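Please examine the sequence and the structure shown below. The paragraphs that follow lead through a few local features in turn.

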Amino acid sequence: MTAILPALTGSNVIYGMGMLEMGMTMSYEQLLIDQEIVRMIRRILQGIAVNKETIALDVIKKVGPAGNYLAERHTLKYMRQELSTTTLINRKMRDSWEKSGSKDIAEVAREQAIEILENYKPTPLPEDVRKKIRDIVLEGEEEARELERKES
């Protein structure tokens, strides 16, 4: 959860996703778990809109302090916008979780990683982008050769 600190300061880079052993090992499972955490952090950074519509004073007056806000259309409408959705974290009740196999987050991440590795089909980059990347690589290689010549 230390990833939230740089995010809260406005950093647009969260370092270390998928890394184990101080970055000496890369784990696809950890990468997916970290992606889930970053997704939740990004949701936190969006904040919660507080305005006349979202505060719903009319609903608060109608329902009162001991009432059921979940039965209100307003709650349903705005609650969906505020939910943090996850693909790996299991939020089921224990009985449902056990009936579906009792898999922990590492097992679910491993299955998802295997599925991605076996089935992912990347969208090819447009030719102009590929050419620009290739030009950058060639320029870097030329600079490296030039440096090598100067050093020898």
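M22 has a relative accessibility of 87%, and because the threshold for exposure is over 50%, M22 counts as exposed. The model in which this value was computed is a predicted one. M22 is found in the loop that lies between β1 and β2. Its backbone deserves attention as well: the phi angle of M22 is near 55°, a positive value in a residue other than glycine.

E21 belongs to this part of the chain too, in the loop between β1 (19–20) and β2 (25–26). For E21, phi is near 50°, again a positive value in a residue that is not glycine. Is E21 buried or exposed? With 59% relative accessibility, E21 counts as exposed, since exposure requires a value over 50%.

The relative accessibility of H74 is 18%, so H74 counts as buried, given that the limit for burial is under 20%.

Which residues does H74 touch, when those up to four places away in sequence are not counted? The contacts of H74 are E53, T54, A56 and V59. These contacts rest on heavy atoms lying within 4.5 Å.

H74 and R149 are 75 residues apart in sequence, and their C-alpha atoms are 70 Å apart in space.

Definitions and conventions:
Residues numbered from 1 in each chain as written. Predicted model: local features only at pLDDT ≥ 70, side-chain atom pairs only at ≥ 80, totals over all residues. Heavy atoms only, no water. Buried < 20%, exposed > 50% of the residue type's maximum accessible area, 1.4 Å probe, protein only. Helix = DSSP H or I, 4+ residues; strand = E, 2+ residues; numbered from the N terminus.
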